[in-house]
Amino acid sequence: MICDCLAPSVKVIQDKRLDHPLSLCGSTLRFPHGCHAQYMANMGSIASLVMSVTINMEDDENESDQQRESKLWGLVVCHHTSPRFVPFPLRYACEFLVQVFGVQINKEVELAAQIREKHILQTQTVLCDMLLRDAPVGIITQSPNVMDLVNCGGAALYYKYKFWLLGITPSEAQIRDIAAWLTEYHGGSTGLSTDSLMEAGYPGASILGDEVCGMAAVKITRMDFLFWFRSHMAKEIRWGGAKHDPDDKDDGRRMHPRSSFKA
């Protein structure tokens, strides 16, 4: 809780007899970092109260709820345009409500994951049945298709030197070149998954542009492949703490809101 970001800070004097520096991480009323205080002032927010919403990790389903680690799902951030102190009983009640909200969110997330997993298994069963009854072309031309298995922008099947494309994909010549690159440099594996073809070492990645960046490839036979493609994800966000005064410059000796976002 920050009661007044413009209030002067109070220096904490540590007893010299203490062996280790004093940690104020658990202090709710500790003074914020100067960079954060300036960020709040730029937004016109003088006081704030922040509470975290946590949910259980999905790594180990066998562990009990008390043993499973938590991860941050979101924040409840309350702002006030003038100095405001929230008494402890009210803060405690707010924290309890946020904890109850976190439990409900955790149940919703688990239910959504179960529904998604069930849908993927059903789709996988249908696609496997298509492969048993027909040539691999069916998993591209019929419904459901391979794009229902993976969250992607496009998919492609390179089978017996022919192409079947779905969504946003490279050209046929580029897919043939990717298949040749996989055969030469990853011939010993059954496929490849990468967030960036550029980082994976594909020499023609720069030609693909932003529409194709990540890729997952599965080898069907020695020369036949199934591909999934994802586009490059990048966007510019305007944040509320920015100051656009041309005369306002950051001091290199201190961290300011603008420079902190350059990390």
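Q: How much accessible surface does the protein have, and what share belongs to carbon and sulfur atoms?
A: About 18500 Å², with 55% belonging to carbon and sulfur atoms; areas come from the Shrake-Rupley method with a 1.4 Å probe, and for residues only the protein chains shown count as cover. Keep in mind that this is a predicted model, where local features need pLDDT of at least 70, side-chain atom pairs count only at pLDDT 80 or more, and totals for chains, interfaces and linings use all residues. Residues are numbered from 1 along each chain as its sequence is written, and side-chain values use heavy atoms, leaving out hydrogens and water.

Q: What share of the residues is buried?
A: Buried means under 20% relative accessible area, exposed over 50%, and partly exposed in between (1.4 Å probe, protein chains only). Here 28% of the 263 residues are buried.

Q: Is Val12 buried or exposed?
A: Val12 is exposed, at 51% relative accessible area.

Q: And which residues touch the most other members of the largest nonpolar core?
A: Such a core is a set of buried Ala, Val, Leu, Ile, Met, Phe, Trp, Tyr and Cys residues joined through side-chain atoms within 4.5 Å. In this 19-residue core they are Leu182, Leu197, Met215, Phe227 and Phe229. Its largest share, five residues, comes from α4.

Q: What does Phe227 contact, apart from neighbours within four places in sequence?
A: Contact means heavy atoms within 4.5 Å. Partners of Phe227 include Gly154, Tyr158, Ile178, Leu182 and Met215. There is also a second, separate core of 13 residues, with Ile139, Cys152, Ala155 and Trp228 among them.

Key: Helices (H or I, at least four residues) and strands (E, at least two) are DSSP runs, numbered from the N terminus.
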